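The following note is meant for a colleague meeting this structure for the first time.

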Amino acid sequence: MHTHTADVVIVGAGLSGLCSALTAHEAGKSVIVIERAPIEERGGNTRFSNGAMRAVYRGVEDIEALVGEIGEAERARADFGEYTREQYFDDLGRVTEYRVHPDMAGLLIDRSRETMLWLRAQGVRFLPLYEWQFKLPDGRIKFSGGSAVECLGGGDGISTSLFAACEKKNIHIHYDTRVLSLVEDAGGVHGVMARSDGDDVRYETGAVVLACGGFEANTEMRTRYLGPSWDLARVRGSRFNTGDGLRMALDIGAMAYGHWSGCHASSWDFNAPETNELAFGTVFKRDDYLAGIVLNANGERFFDEGADIRSLTYAKLGRAILAQPSQIAWQIFDAKGSAQLHGEYRVRQSARFQAATLEELIGKLEGINREKAVATIRDFNAAVRADIPYDAGRKDGRGTRGLAIPKSNWALALDEGPFEAYAVTCGITFTFGGLRIDTDGRVLDADARVIPGLYAAGEMVGGLFYFNYPGGAGLMSAAVFGRVAGEGAARA
Ligand SMILES: Cc1cc2nc3c(=O)[nH]c(=O)nc-3n(C[C@H](O)[C@H](O)[C@H](O)COP(=O)(O)OP(=O)(O)OC[C@H]3O[C@@H](n4cnc5c(N)ncnc54)[C@H](O)[C@@H]3O)c2cc1C
């Protein structure tokens, strides 16, 4: 058995783990990061992500502080607006049905801006996020509030920049090493036991930061905690996030906290593999449901496609699809809708069907109730409020009238061929259930007492997300809580 020693030991080399590592190192501590994946597959869900980040900002100058100077032409093209802490609290509260823990929300929101500036200082580069914003009638873009920037190079970009920062600072990362348990006694946590290349490895330390993700890639835990059919969800990110850290912490009496039966899950191409691979990235993302309607195998609509802007609705859509017969649905577009689809819809692997007429299109969808599907589309078209003008520049209120399930905004009749259908299923992104931490990132036990020497960050933090999630808050919380845990661990 090998033994390693460091002031701070971090489990997991995703965004939260790397932020913890860099922060503890800044405080003068020796740091070792332990990562289960081999070096080629390093980076966790962070590397799979799109790189959109939700932070407080006040106007274009705050965006410039992150992306560099925005020229006159670009300024003229876009209205960047602002995203205040009040708006952030409001969005986070609303989508989580006001269950978000105020301390967790406060940390995430109040430290979001300084953390973005810190990430930039670490070498992460940002760009304005023009996609998914409101499109004004004059062709300009109006930022819809929330994720205003993305990382250059997406999730791969942020990962690469932070690994480079760690290498520059000589922070050791032990790859291909799976942490299996915590070393603890009545005095707290003093290390971890890991396995690498068939060998047991012991890490001795004053502080352990668990930053090793949720249980999204663990079929058994998904079924146990999320419920029936979750074994059938496709995994959108890393195959390594199997809940090891949560299990280890619960084993020593940590408090389970947050929405353990909840998760972030979205619409994902039916042709996607069971578990995603880095080579595919986000090509299976199918988030343009706002541009059309979605039918299940009964030929019926089952949710309001225009309930709100995409970033506030897409993360709960996977659950709705999973609840449908055979866990399948079809996104249906006419020519107007197809024109709005993002590039990933066009990839070779896409489960796409095309036809000149709606009847012909529906005839190509195997397993759907065809008669009902055609009737549903006919009824939908007749229910569209043609008296209200369509406006992609805001929530336009152009909905449907008289349907059991309305489409509340951006409703357009599907009446211009050619028509397209995309078969989709549920893709799970990450789980919401986590550990109870205090505002210093310290893990609490089931009696709400601090477990000395144990910290948690990223997807492992419970109490932030319930039912749904505002887009861009996953990376932001990973970075903020990574920093918080790194600071706490350095003080330990
Ligand atoms: C397809 C996709 C797109 C996304 N897009 C966005 C987006 O645009 N914006 C946004 O905000 N969020 C997005 N997210 C969510 C975001 O990626 C996560 O919320 C965030 O990256 C979580 O960071 P983390 O550090 O907690 O976990 P991770 O980045 O997953 O890191 C956890 C690490 O722990 C390692 N690990 C696991 N078990 C062990 C063990 N036993 N021992 C050692 N190491 C272990 C894993 O290998 C992994 O490297 C997306 C996620 C996916 C999958």
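1. A residue is called buried when its relative accessible area is under 20%, exposed when that area is over 50%, and partly exposed in between. The model discussed here is a predicted one. Lys 336 has a relative accessibility of 22% and therefore counts as partly exposed. Glu 416, at 40%, is likewise placed in the partly exposed class.

2. These two residues form a salt bridge: a nitrogen of Lys 336 and an oxygen of Glu 416 are 3.9 Å apart.

3. Which residues form salt bridges with Arg 442? One is Asp 438, where the closest N and O atoms are 2.8 Å apart. Another is Asp 440, for which the N to O distance is 4.0 Å. Arg 442 has a relative accessible area of 30% and is partly exposed. Asp 440 is also partly exposed, at 29%, but Asp 438, at 16%, falls under the 20% limit and so counts as buried.

4. In total, the structure contains 38 salt bridges. Some of the charged residues are linked in a network of such bridges, which comprises Arg 54, Asp 90, Asp 91, Arg 94, Asp 308 and Lys 395.

5. How many residues surround the ligand? The shell consists of 40 residues, and the closest are Ser 16, Glu 35, Thr 46, Asn 241 and Leu 475. By class, the shell divides into 19 polar, 15 nonpolar and six charged residues. Several elements of the fold each contribute at least two residues to this shell: helix 1 (15–26), helix 2 (44–48), strand 10 (177–185), strand 19 (419–431) and helix 15 (473–491).

6. Asn 241 places a polar side-chain atom 2.8 Å from a ligand oxygen. For Gly 51, a backbone N or O atom lies 3.2 Å from an oxygen of the ligand, and a polar backbone atom of Gly 472 is 3.2 Å from a ligand oxygen. The ligand taken alone would expose 1,000 Å², of which the protein buries 98%.

7. Helix 1, one of the elements that supply the shell, also contains Ser 20. Is Ser 20 buried or exposed? With a relative accessibility of 0%, Ser 20 counts as buried. A polar atom of the Ser 20 side chain lies 2.8 Å from the backbone oxygen of Gly 482.

8. A last point concerns an open sheet of three strands, arranged in the order 4-7-6 with mixed pairing. Strand 6 and strand 7 (residues 141–142) run antiparallel and are joined by two bridges. In one of the pairings, Phe 134 has Lys 142 of strand 7 as its bridge partner.

Definitions and conventions: Residues are numbered from 1 along each chain as its sequence is written. This is a predicted model: local features need pLDDT of at least 70, side-chain atom pairs count only at pLDDT 80 or more; totals for chains, interfaces and linings use all residues. Side-chain values use heavy atoms; hydrogens and water are left out. Two strands pair if DSSP finds at least two bridges between them. Helices (H or I, at least four residues) and strands (E, at least two) are DSSP runs, numbered from the N terminus. A residue is near a molecule or strand if one of its heavy atoms lies within 4 Å of it. A polar contact is a pair of N or O atoms within 3.5 Å; within protein, one must be able to donate a hydrogen and the other to accept it, and residues adjacent in sequence count only if both atoms are side-chain atoms. Accessible areas come from the Shrake-Rupley method with a 1.4 Å probe; for residues, only the protein chains shown count as cover. Ala, Val, Leu, Ile, Met, Phe, Trp, Tyr, Cys and Pro count as nonpolar, Asp, Glu, Lys and Arg as charged, and the others, Gly among them, as polar. A salt bridge is a side-chain nitrogen of Lys or Arg within 4 Å of a carboxyl oxygen of Asp or Glu. Buried means under 20% relative accessible area, exposed over 50%, partly exposed in between (1.4 Å probe, protein chains only).
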